[in-house]
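Have a look at the model below. We'll start with a pair of helices and then move on to a strand and its neighbours.

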Amino acid sequence: MQPVPRPLAPTYQDRRWELPPDAVVHHGTVDDAVRVLRGRTVTALTGAGVSTDSGIPDYRSPDSPKRAPMTYQQFVADEAFRRHYWARNHVGWQVVHRTEPNAGHRALATLEDRGVVRGVITQNVDLLHEDAGSRHVIDLHGRYDRVICLQCGRVISRAHLAERLDALNPGFVESVLEDGATVADIETAPDADAVIEQTSHFVPAACEFCGGVLKPEIVYFGENVPRERVQRAYALVDDADALLVAGTSLTVMSGLRFVRHAAKAGKPVVIVNRGETRGDPLATLKVDDGVTETLVALADRL
C-alpha cells in the first residue's frame with residue numbers, strides 16, 4: 001500500500017501569530033458598530049467564520065483543529081498529492097453542496113437589498129452568500145463548484161466531475177463511511193477537503209478534452225488571486241463609505257490588504273470576529289462576538 005502523502009511543513013500563511021504587545025485595539029459592542037456604520041454604505045469582507053453556523057468548520061478560530069492545507073506547489077508537482085486531494089474532495093464537496101446559508105448570510109443579503117451593503121468580498125468558496133440572495137459577490141478565492149484544466153483551461157462543473165469520479169471509483173464514498181454514518185458526518189474543511197486517510201486506491205480523472213491535470217477553481221495556498229479579481233475587490237471597497245469585516249482572522253495578505261486599503265483611505269473599518277485578527281490595530285472598532293448574531297443585529301438596526 002502506498003503511504004498517505006502528508007502536507008509539507010506549514011508555510012508562513014499557516015503559522016499562528018500574535019498581535020504586538022503595543023497594539024491598540026478599540027473594542028466595542030454591536031451598539032457601537034451601529035453608531036459607526038449608520039448612515040454609511042458598506043462593503044463586507046467575509047471569511048470562514050461566517051459559514052461555521054452552517055456547519056462548515058473554519059481553519060483558525062480558537063477551537064479549530066490545526067490543519068496544514070495542501071499547497072499549489074504540492075498539487076501540481078506530485079500525483080500522489082493530487083490523488084489524495086481528489087479522494088477527499090470527492091466526499092467533501094458533497095458536504096458543502098448540501099450546506100444551507102445561515103442567518104448571517106441572509107442578514108448581509110438583506111442589507112444589500114436595502115442599499116446599505118454595496119457588495120461582498122468573500123474568502124469563502126462555498127457560494128453561501130449567493131445562495132442567501134446576495135447579488136454582488138466577489139469570490140476572492142474561487143468557487144468549489146467549478147473545476148479547471150491546468151493545460152487547456154477548460155472549465156467544467158464539479159457535479160459533472162463527480163459523475164466521472166463515481167464511474168472511476170464505484171462504491172468509494174460508501175467505503176469510507178462507518179456503519180450508520182452519512183456523508184454529512186465526515187469532518188470537512190472550508191475548501192471541501194474531507195478528513196479521509198485511506199486514499200491510495202482512488203483513481204483521479206484527467207481532463208476529458210486534453211488529458212491534462214484537473215484542479216478545483218479555488219486559489220490554493222501559494223497561488224495568487226487573479227489580478228482582475230483583486231482590482232474589482234479594491235473598487236468595491238472604494239465604492240463604499242465603510243468596510244465591515246466578518247468571520248476572518250485576516251492571517252493572510254489576501255484579505256488583510258483590503259483592510260489596509262480602507263484604513264489608508266480614512267474609511268471606518270469594523271471587524272466582527274471571535275478572537276484576535278491581524279487587522280485589529282487598523283480597525284475603527286473591533287466587536288469580539290459571534291458573527292451570525294452580530295450580523296443579524298446590524299441588519300435589524302441599520
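Helices α3 and α6 are oblique to each other, a word used when the angle is not under 35 degrees (roughly parallel), over 145 (roughly antiparallel) or 65 to 115 (roughly perpendicular). This is a predicted model, where local features need pLDDT of at least 70, side-chain atom pairs need 80 or more, and totals for chains, interfaces and linings take in all residues. Numbering starts from 1 along each chain as its sequence is written, and side-chain values use heavy atoms, without hydrogens or water.

The axes of α3 (residues 79-97) and α6 (residues 158-168) come within 11 Å and cross at roughly 120°. Where they touch (heavy atoms within 4.5 Å), Trp 86, Asn 89, His 90 and Trp 93 of α3 meet a set of α6 residues including Arg 158, Leu 161 and Asp 166. Sorted by class, that contact has six nonpolar, two polar and two charged residues.

Now for strand β1, residues 42-46. Five of its five residues are buried, so the strand is largely enclosed by the rest of the structure; buried means under 20% relative accessible area with a 1.4 Å probe, protein chains only. Val 42, Ala 44 and Thr 46 point one way, while Thr 43 and Leu 45 point the other.

Which strands pair with β1? Pairing takes at least two DSSP bridges, and here are the partners:

| Partner of β1 | Residues | Bridges | Direction |
|---|---|---|---|
| β2 | 117-122 | five | parallel |
| β7 | 242-246 | five | parallel |

Within these pairs, Leu 45 has Ile 121 of β2 as its bridge partner, and Thr 43 stands opposite Leu 243 in β7.

Notes. Buried means under 20% relative accessible area, exposed over 50%, partly exposed in between (1.4 Å probe, protein chains only). Helices (H or I, at least four residues) and strands (E, at least two) are DSSP runs, numbered from the N terminus. Axes are lines fitted to C-alpha atoms, for helices over the stretch in contact, and angles run from 0 to 180 degrees between N-to-C directions. Ala, Val, Leu, Ile, Met, Phe, Trp, Tyr, Cys and Pro count as nonpolar, Asp, Glu, Lys and Arg as charged, and the others, Gly among them, as polar.
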